[in-house]
Amino acid sequence: MSNLPLIFIDGDQGTTGLQIHERLRGRKDLRLLTLPAAERKDALRRAEAINSADIALLCLPDAAAREAVSLIENPKVRVIDASSAHRTDAEWIYGFPEMSPSQSERIANALRVTNPGCYPTGAIALLRPLVKAGLVPADYPLTINAVSGYSGGGRAQVEQYEGPDAAQAAPFTVYGLALKHKHPPEMQLHAGLSQRPVFVPSYGAFRQGIVVSIALQARLLPAGANKEALRAALQRHYEGARHVSVLSAEQAAATDRLDPTIHNNSNDMTLGVFGNDDDGHLLLCAVFDNLGKGASGAAVQNLDLMLRGA
């Protein structure tokens, strides 16, 4: 019998699960376990698969993810949950390795890891270092705007844009107008905010990619919290990070538009600080792949950390 770690992907037919499977297929340092179509909804067979795994990757709706965790009887089974079921649960380690200097090690040694949401990945990447540095007050009245590719809506939305009625799909949609989206509590907790931010999500007629943007008023920030100070704080925080980069002052000055697709099919994320000094207006932006650093790529990054720490 092979001594290679056994990885079970529960829900490998959704957009996240399919991409995780694609990223892991062909690797020689692990074994992949997936269930045939006839067994995917068989609770007994799923329980057997989860309990036989070294690490289970859950690519399921929230309720199904909680059910999957409840099936675990083997105390050695480790879990990466790609759903939003456990993202604010103190008993789960938040799977954003670049969030703090110690986060990678915490993930590497964790029994339970909760993958970040796609939109929160960008918002937390921008805000947490600035809040920690005292450059953005924890109670700042934040509005987070984000546009994602339609794949962020899952299989049903992909079918809407790629199926037989694709010609009728909207070119751009703003949603969550009741401002009760599930992501703000995750953003608030992990960015270190004392107030729930306003979150305005949207998606466009492109398959994947994200731009998250957060506007700030210099007059509401501490003295000295200008573009250079914000940029320097982000650069210090992400110095040496493999997957997160910060635009230099020269790069930012030469950038007059952002393409949400530039990091598609990668696990990379670019952060930028822009602004109008005359009016005291600042803009924080993050660009990454909603299926990469925002989902599947992040899950595989966390998996590799856990395999290293096993």
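The model is predicted, so local features need pLDDT of at least 70 and side-chain atom pairs count only at pLDDT 80 or more, while totals for chains, interfaces and linings use all residues. Residues are numbered from 1 along each chain as its sequence is written, and side-chain values use heavy atoms, with hydrogens and water left out.

**Domains**

- The protein chain splits into domain 1 (6–115 + 295–309) and domain 2 (118–288), with bounds that come from an automatic or database domain assignment.
- Between the C-alpha centres of domain 1 and domain 2 the distance is 26 Å.
- Across the boundary, 16 residues of domain 1 are in contact with 25 residues of domain 2; contact means heavy atoms within 4.5 Å.

- Helices (H or I, at least four residues) and strands (E, at least two) are DSSP runs, numbered from the N terminus.
- Helix α1 covers residues 15–24 and contains Glu 22.
- Glu 22 is partly exposed, with a relative accessible area of 47%; the cut-offs are under 20% for buried, over 50% for exposed and in between for partly exposed (1.4 Å probe, protein chains only).
- From Glu 22 to Gly 163 there are 141 residues in sequence and 22 Å in space, C-alpha to C-alpha.
- Thr 15, Thr 16, Gly 17, Gln 19, Ile 20 and Leu 24 are the buried residues of α1.
- Their cover includes strands β1 (6–10), β2 (31–33) and β3 (55–58), along with helices α6 and α10 (292–309).
- Just after α1 comes Gly 26, with a positive phi of about 90°.

**How α1 meets α10**

- The axes of α1 and α10 come within 9 Å and cross at roughly 45°; axes are lines fitted to C-alpha atoms, for helices over the stretch in contact, and angles run from 0 to 180 degrees between N-to-C directions.
- The crossing of α1 past α10 is right-handed, a term for the near helix being turned clockwise from the far one by less than a right angle, with anticlockwise giving left-handed.
- On the α1 side, the residues that meet α10 are Thr 15, Thr 16, Gln 19, Ile 20, Arg 23 and Leu 24.
- By class, this contact of α1 with α10 has six nonpolar, six polar and one charged residue (Ala, Val, Leu, Ile, Met, Phe, Trp, Tyr, Cys and Pro count as nonpolar, Asp, Glu, Lys and Arg as charged, and the others, Gly among them, as polar).

**How α5 meets α7**

- Helix α5 (residues 118–132) and helix α7 (residues 183–191) have axes that come within 8 Å and cross at roughly 30°.
- The two helices, α5 and α7, are therefore roughly parallel to each other, and α5 passes α7 in a right-handed crossing.
- Residues making the contact include Tyr 119, Ala 123 and Leu 127 of α5 and His 183, Met 187 and His 190 of α7.
- Eight nonpolar, two polar and two charged residues form this contact of α5 with α7.

**Two buried residues**

- Gln 157 belongs to helix α6 (residues 155–162) and counts as buried at 14% relative accessibility.
- Beyond its neighbours within four places in sequence, Gln 157 is in contact with Tyr 150 and Tyr 203.
- Ser 148 sits in strand β7 (residues 143–149) and, at 1% relative accessibility, counts as buried.
- Not counting residues up to four places away in sequence, Ser 148 touches several others, among them Tyr 119, Tyr 203, Phe 206 and Asn 290.

Notes
Parallel < 35°, antiparallel > 145°, perpendicular 65-115°, else oblique.
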